[in-house]
Amino acid sequence: MSYVFAAPATVSVPILGQPEQFPVHRIYCVGRNYEEHAKEMGYTGREPPFFFLKPADALVVVHDGATGHIPYPSLTANFHHEIELVVAIGKGGRNIKAADAMGHVFGYAVGLDMTRRDLQNDMKKQGRPWCIGKAFDHSAPIGPIVRAEKVSGIEAAAISVTVNGQPRQASHVSKLIWNIAETIEHLSAAWELQPGDLIYSGTPEGVAAVKSGDTMVGQVAGLPTLTVQVD
Ligand code: MN
């Protein structure tokens, strides 16, 4: 095979404790999957889960113990953090039932679904796609993936992010409206999941803006801390 220009490199995420990388296929994101966040965004109740995507090359991979850097993005004056548990899929499938879903999970990571909130809100008002608010370059910082068998209690883990040491978001994964297995069931009814897919599972309440120079420290209990500075 020859190409007219160099093909883009495969995007991959390190796996804690092993040399092989996790090659990324797609990034799926779940919208409004914690009740208190749904409320702060002006919604209530257990609506069916809905999804959007980010391109794989929006990932900013942050190695264990390192500080990642993202540029303050263009076109926004309201750049928000959303701390999320990321589920890495190791075995694909269509119409996966919740009862079988955990067998498709390779592992977990801490991620930030960075959002140009002002642009997202404009798009919502106009009934337009969210891409410009969600799927921009450098919008998906992620830490190393920990294999599922090395993680216990993820379904109830504490999840939080601080900015410059101040608490911003703090909740528990047990407060997901649609838990990991149910999310996989819904997602795989709409798309055929593939090994290498990542699922940003949603963010709890407390989303807020960051500015240049701010440092975010994201944590999900049992996973490596994700530290990211906005340049
Ligand atoms: Mn999100």
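1. **Second largest cavity.** The lining of the second largest cavity has five nonpolar, three polar and two charged residues. (Ala, Val, Leu, Ile, Met, Phe, Trp, Tyr, Cys and Pro count as nonpolar; Asp, Glu, Lys and Arg count as charged; the others, Gly among them, count as polar.) The space in this second largest cavity is about 40 Å³. Ten residues line the second largest cavity, and the closest to its centre are G31, R32, E47, P48 and W178. A cavity here is a set of points, on a 1 Å grid over the protein atoms alone, where a 1.4 Å probe fits but cannot get out; lining residues have an atom within 4 Å of a point. Grid points are joined across faces, edges and corners, and a volume is the space filled by probe spheres set on the points.

2. **Basis of the note.** This is a predicted model, in which local features need pLDDT of at least 70 and side-chain atom pairs count only at pLDDT 80 or more, while totals for chains, interfaces and linings use all residues. Residues are numbered from 1 along each chain as its sequence is written, and side-chain values use heavy atoms, with hydrogens and water left out.

3. **Largest cavity.** The whole structure holds two cavities of 30 Å³ or more. The largest cavity has about 100 Å³ of space. It is lined by 17 residues, and G31, R32, H37, E82 and K134 are the closest to its centre. By class, the lining of the largest cavity has seven charged, six polar and four nonpolar residues. Strand β3 (27–31) and helix α3 (117–126) each supply at least two residues of this lining. The most comes from α3, with three residues. Helices (H or I, at least four residues) and strands (E, at least two) are DSSP runs, numbered from the N terminus.

4. **Manganese site.** Which residues coordinate the manganese ion? They are E82 (OE), E84 (OE) and D113 (OD), at 2.0 to 2.1 Å. Donors are N, O and S atoms within 2.8 Å of the metal (3.2 Å for Na, K and Ca); water is not among the atoms, so sites may look incomplete. In sequence, the donor spacing is E-x1-E-x28-D. E82 is buried, at 4% relative accessible area. E84 is also buried, at 0%. Buried means under 20% relative accessible area, exposed over 50%, and partly exposed in between (1.4 Å probe, protein chains only).

5. **Strand β18 and its partners.** Strand β18 (residues 226–230) is mostly covered, with four of its five residues buried. Strand β6 (residues 67–70) runs parallel to β18, joined by four bridges. T67 stands opposite T227 in β18. Strand β17 (residues 215–220) pairs with β18 in the antiparallel sense, also over four bridges. Here T215 has Q229 of β18 as its bridge partner. Two strands pair if DSSP finds at least two bridges between them. β17 and β18 form a hairpin with five residues between them, and G222 in the turn has a positive phi of about 100°.

6. **A three-strand sheet.** An open sheet has the order β10-β7-β16, with antiparallel pairing. Its edge strands are β10 (115–116) and β16 (208–210), each pairing on one side only. Strand β7 (residues 79–81) meets β16 over three antiparallel bridges. In that pairing, H81 stands opposite A208 of β16.

7. **Aromatic pairs.** Rings of Phe, Tyr and Trp (its six-membered ring) pair if their centres lie within 6.5 Å; planes under 30 degrees apart count as stacked, over 60 as edge-to-face and the rest as tilted. The count comes to seven aromatic pairs. The rings of F50 and W130 have centres 5.7 Å apart and planes at 85°, so this pair is edge-to-face. F50 lies in strand β4 (residues 50–54) and W130 in the loop between α3 and α4 (131–134), so the pair ties together parts that are 80 residues apart in sequence. F50 is partly exposed, at 21% relative accessible area. W130 counts as buried, at 18%. W130 also forms a tilted pair with F52: 5.5 Å centre to centre, 55° between the planes. F52 lies in strand β4, so this pair ties together parts that are 78 residues apart in sequence. F52 is buried, at 11%. Elsewhere, ring pairs link Y28, F51 and W191 into a cluster.

Definitions and conventions:
On a 1 Å grid over the protein atoms alone, a cavity is a set of points where a 1.4 Å probe fits but cannot get out, and a pocket is an open set with protein on both sides within 12 Å along at least five of seven lines; lining residues have an atom within 4 Å of a point.
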